Amino acid sequence: VVPEQNLIIKYSLLQNRVIMRIGGDSSNTFSNPVAVTEYDGYLYVCNRDSQKIKRVRLSNFAVEDYKEFDEPVYKYVRIENHEYVILESGVYLL
């Protein structure tokens, strides 16, 4: 994630180039993204300023809102069938 430019990138060290780039300064796709995790063919991007988790489908890079909160969201994880989120006020089971 590149928070100050509102984008996420995938960089290949072997190819020495950017393979995927979504968002950017002039885009409102993300709003200060701070973390990204991958599950089941999706990327889940935590956005501090918009207080949302955005979901990116890896098959076609479509972006959609997944969850919205009343405070900044910093991390999203799944453990077995449980979803957890780290918000400004603490850790929560969804």
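**View 1. Strands E8 and E9 of the predicted model run antiparallel and are joined by 4 bridges.** The model shown here and in the other views is predicted. Strand E8 covers residues 82–87, and strand E9 covers residues 90–93. Across this pairing, Val85 stands opposite Tyr92 in E9. The two strands belong to an open sheet of 3 strands with the order E7-E8-E9 and antiparallel pairing. At its edges are E7 and E9, each of which pairs on one side only. From one strand to the next, the twist averages 20°.

**View 2. An open sheet of 4 strands has the order E3-E4-E5-E6, with antiparallel pairing.** The edge positions are taken by strand E3 (33–39) and E6; each has a single partner strand, so one side of each is left without a neighbour in the sheet. Direction ignored, neighbouring strands of this sheet are turned by 25° against each other on average. Within the sheet, E4 pairs with strand E5 (residues 52–57) in the antiparallel sense over 6 bridges. Val45 stands opposite Lys54 in E5.

**View 3. The structure holds 6 aromatic pairs, among them one formed by Tyr44 and Tyr66.** The geometry of that pair is edge-to-face, with 5.0 Å centre to centre and 70° between the planes. The pair links distant parts of the chain, 22 residues apart: Tyr44 lies in strand E4 (residues 42–47) and Tyr66 in strand E6 (residues 63–68). Tyr44 is buried because its relative accessible area is 1%, under the limit of 20%. Tyr66 has a relative accessible area of 23% and is therefore partly exposed.

Tyr44 also forms an aromatic pair with Tyr76; this pair is tilted, at 5.1 Å centre to centre and 35° between the planes. Here too distant parts of the chain are linked: Tyr44 in strand E4 and Tyr76 in strand E7 (residues 73–79) are 32 residues apart. Both Tyr44 and Tyr76 are buried.

**View 4. Ring pairs join Tyr39, Tyr42, Tyr44, Tyr66 and Tyr76 into a cluster.**

**View 5. The largest nonpolar core is made up of 10 residues in all.** Its members are Ala35, Tyr42, Tyr44, Cys46, Ile53, Phe69, Val73, Tyr76, Val85 and Leu87. Two or more of these residues come from each of E4, E7 and strand E8 (82–87). The largest share, 3 residues, is given by E4. Apart from this core lies another, of 7 residues, including Met20, Leu43, Val45 and Val56.

Neighbours within four places in sequence left aside, Val85 is in contact with Ile53, Phe69, Val73, Lys75, Gly90, Val91, Tyr92 and Leu94.

**View 6. Asn32 is placed in the loop between strand E2 (17–23) and E3.** Its relative accessible area is 11%, so Asn32 is buried. Asn32 and Glu4 are 28 residues apart in sequence, yet their C-alpha atoms are 6.3 Å apart in space. Aside from its neighbours within four places in sequence, Asn32 is in contact with Pro3, Asn6, Cys46, Asn47, Arg48 and Asp49.

**View 7. Asn16 and Glu80 each have a positive phi of about 55°.** Most residues other than glycine have a negative phi. Asn16 lies in the loop between strand E1 (7–12) and E2. With a relative accessible area of 57%, Asn16 is exposed. Glu80 is located in the loop between E7 and E8. The relative accessibility of Glu80 is 74%, and Glu80 therefore counts as exposed.

Notes: Residues numbered from 1 in each chain as written. Predicted model: local features only at pLDDT ≥ 70, side-chain atom pairs only at ≥ 80, totals over all residues. Heavy atoms only, no water. Phe/Tyr/Trp six-rings, centres within 6.5 Å; stacked < 30°, edge-to-face > 60°. Buried < 20%, exposed > 50% of the residue type's maximum accessible area, 1.4 Å probe, protein only. Pairing = 2+ DSSP bridges. Axes fitted to C-alpha atoms, helices over the stretch in contact; angles between N-to-C directions. Core = buried A, V, L, I, M, F, W, Y, C linked by side-chain atoms within 4.5 Å. Contact = heavy atoms within 4.5 Å.
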